[in-house]
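Let's take a walk through a protein together. Have the sequence and the 3D view open, and follow along one stop at a time.

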Amino acid sequence: TELQRELLALGELRAPYLEALLLDRSSLARSHVLAFVDGGPARGSLQRLPAGSTAEDALRAGGRGVGDGYAVAVNGEPVEPHHRIENGDVCSVVSATDTPM
């Protein structure tokens, strides 16, 4: 789909950042999670959140809300809003009609 193509293109741009995240073994990496927010005013922004944060937390931090008729996706896959995110995840809001949940 178009969303998957866009996420793939954005992923290629983010590869150096993701590699750095994977290599980081500091206490910061254990106490925080770094995730990208796709769309909205913070399109492509990197959000630093407390460990244990959810996809919905990341979207709110990036200025995106999840309203009626919309769902949450992480790395292009539909998830529940309370899905715990990991370093390097890409969080986005998608139309609920496009998700098989």
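Which residues does Ser53 touch, not counting residues up to four places away in sequence? Ser53 touches Val33, His83, Arg84 and Ile85. Keep in mind as you look that this is a predicted model. You will find Ser53 in the loop between β2 and α3. Its relative accessibility is 6%, so Ser53 counts as buried. The side chain of Ser53 also reaches the backbone oxygen of Pro50, at 2.6 Å.

Gln47 counts as buried because its relative accessibility is 14%, and the cut-off for buried is under 20%. Its side chain makes a polar contact with the side chain of Ser45, at 2.9 Å. Leaving aside neighbours within four places in sequence, the contacts of Gln47 include Leu34, Val37 and Ala58.

Beyond its neighbours within four places in sequence, Ala58 is in contact with Val37, Gln47, Leu49, Ile85 and Cys91. Ala58 also belongs to the largest nonpolar core, which has 13 residues. Within this core, Ala55, Ala58, Leu59, Val74, Ile85 and Cys91 touch the most other members. At least two residues of the core come from each of β1, α3, β3 and β5. In soluble globular proteins, nonpolar side chains tend to be buried together.

Definitions and conventions
Residues numbered from 1 in each chain as written. Predicted model: local features only at pLDDT ≥ 70, side-chain atom pairs only at ≥ 80, totals over all residues. Heavy atoms only, no water. Buried < 20%, exposed > 50% of the residue type's maximum accessible area, 1.4 Å probe, protein only. Contact = heavy atoms within 4.5 Å. Polar contact = N/O pair within 3.5 Å; in protein donor to acceptor, adjacent residues only side chain to side chain. Helix = DSSP H or I, 4+ residues; strand = E, 2+ residues; numbered from the N terminus. Core = buried A, V, L, I, M, F, W, Y, C linked by side-chain atoms within 4.5 Å.
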